[in-house]
Amino acid sequence: VASQVPATRDLRLLAAAILGIAVVVFVYTEWLHVTNALIVGFTFLLIVLVVAAMATFWAAALVSVLAMLAFNFFFLPPVGTLYLSEAENWVALFVFLVVSLVASNLSTAARARAQEAVDRAQLVEARKAADLARQGEELKSALLASIAHNLRTPLTAIRIAASNLQSSWLSDADRHEQGDLILTEVERLNRLFQNILEMARIDAGAISTDLRWVDPSEILEAARDQVGLALRHHNLDLKIDSDVLVQVDPLLTASALTHVLENAAQYSPPESWIFVTLAVSRDGLTMGVRDQGRGIDAGDLPHLFERFYRGAESKRRVAGTGMGLSIASGLIAAEHGRIWAENCPGGGAQFTIVIPAAQKPSALEQTS
Amino acid sequence: MTRTAKILLVDDEIPIQRAVAPLLRSRGYDVEVAGTGEAALKLVESRPPDLVVLDLGLPDIDGTEVCRRIRAESAMPIIVLSARGAERDKVEALELGADDYVTKPFGPDELVARIRVALRRVSGAEVPSGRLRAGDLTVDYDRHRVFRGAEEIRLTPKEFDLLALLAHNADRVLTHRAILKAIWGTQAINEPEHLWVLMAQLRKKLEPDPAKPRYLISEPWVGYRLTTDTPD
């Protein structure tokens, strides 16, 4: 079927070309009385080129020969015969034939190359789509694995603690302890749920920024609040080096800082220090979080903010979802900011967030 | 039980420790807790428990490896905790000598029931009395006869072997490979078709409704269990 379609198209073009040649002959001889070989030659060449641009080389070649015969018969003296009186006209005819054949060849070759390019582009597109689909599948299964893994422990603990609470043997202290366990695990589930929602919003591109003038310390307060129990075994050292207001989205900024703080708490030993610095400069709002953990393996550094990426070593040691840092980087990207991580010379990991922000002196400062 | 049984709980997840330890204490067991495989192995050696509840996902040593090392030293029952979907790990642990498994998230009764069965078996309280009763099912090992209520059920020798094997390990899961090896020999362990066919025949004769087995319970991807705890 595929080979028949061009063949019928060639035949149609051939017929159209013959008609075209006939029209040219009629118009030039009977009506316009054009006899200049140059004009006639170029007109025929035009027909040949149109055919070559649309049909195969062989159709174009056939049209070239027909055009040459018509050229000879109707326009080159003696007119009305295929015989040529002047040697010069033989040359003209020959040149016409060669030019139209070469042009036909060039035209069809160029078309073939263009088609190849289109095919290649389509192939690349198809491959890209397949890659995306595969990555999507991988992300989906990573999401499911992460959720399944992070639901299992809290659900088991809550189920058993709740049934423990129902039994009558519990002392008051035990009862309190089992209640506390349930609350802690419910909070863990709540954070997991929030993470999934935030991730979905980032994916949907549904993060809109709501810029407001805030004191950087408010952001820190909000983040500490959100981190809640995750930081209860760590010491926080806060340093705020700013007395101006910045214009950022306070909720997004605090949420991003929360994820980085949680990450620091997860990957550093209990009772160690977490150093938080906030500063405002021409770059905007800069927030730093440094921990006293074992730092980041060189192999993990480039992938740290990829979704569900978990360091080979940390996978074994620390329970985590692989969502926090990727969410942080998604939120910060929505604010046109940057986040990066590095190892400190003295040990531990340092995360830095920079969010471009306008600044102005605080009202307190102005009145005092 | 004359003496309080001592259980060693091995799990690195603090919430699980905080919930399961009081649960087991409330059922009258002594409980010790270990958060790593290394700590567990040390405790098994210094103060051997009567039973180990072992999470397969430990931070330091692979849970199945802990299982193998405990079994190399001692016959104490081991019940493994593992995730749904980690069937390969369960089978491996069972083949390395674990007695049973519970899938997370599990409920309190599930775990306690498994512990009770495992302890009962080692305490020898009800072992070979010559017959087994499960619901209205009676297996008479000595005379190779099986009854459901008063009605005798005729089994082929192979069918009886399979039933007797599961009955001797009542309430305990046996892996497909373990059953294949016991009934057909080592050369059959990779030919589970034998087992599917024989189990279907046995269920047809034994089960009131073979489509919804009451006695011969499938543990998907892992093995079979004959349960004495039949719902009525």
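Predicted model: local features only at pLDDT ≥ 70, side-chain atom pairs only at ≥ 80, totals over all residues.
Which element supplies the largest share of the lining of the second largest pocket? The answer is α5(B), with six residues.

Rolling a probe the size of a water molecule over the atoms shows where empty space is left.

In total, 21 residues line the second largest pocket. Nearest its centre lie B:Glu110, B:Ala113, B:Arg114, B:Glu219 and B:Arg225. Three elements of chain B each give at least two residues to the lining: α4 (87–95), β5 (100–104) and α5 (108–123). By residue type, the lining has 11 charged residues, seven nonpolar and three polar.

Now turn to chain A. Its secondary structure consists of 10 helices and eight strands. The chain has 368 residues, and 39% of them are buried. Take the contacts in chain A between residues at least 6 apart in sequence: 71% of these join residues at least 24 apart. The accessible surface of chain A is about 20,600 Å². Carbon and sulfur atoms account for 62% of that surface.

Cysteines come last. A disulfide is a covalent bond between the sulfur atoms of two cysteines. Over all chains, the search finds zero disulfides.

How values were computed. Residues numbered from 1 in each chain as written. Chains lettered and ligands numbered in written order. Heavy atoms only, no water. 1 Å grid on protein atoms, 1.4 Å probe; cavity = no way out; pocket = protein on both sides within 12 Å on 5 of 7 lines; lining within 4 Å. Helix = DSSP H or I, 4+ residues; strand = E, 2+ residues; numbered from the N terminus. Nonpolar A, V, L, I, M, F, W, Y, C, P; charged D, E, K, R; others polar. Buried < 20%, exposed > 50% of the residue type's maximum accessible area, 1.4 Å probe, protein only. Contact = heavy atoms within 4.5 Å. Areas by Shrake-Rupley, 256 points an atom, 1.4 Å probe, with all protein chains shown as cover. Disulfide = S-S within 2.5 Å.
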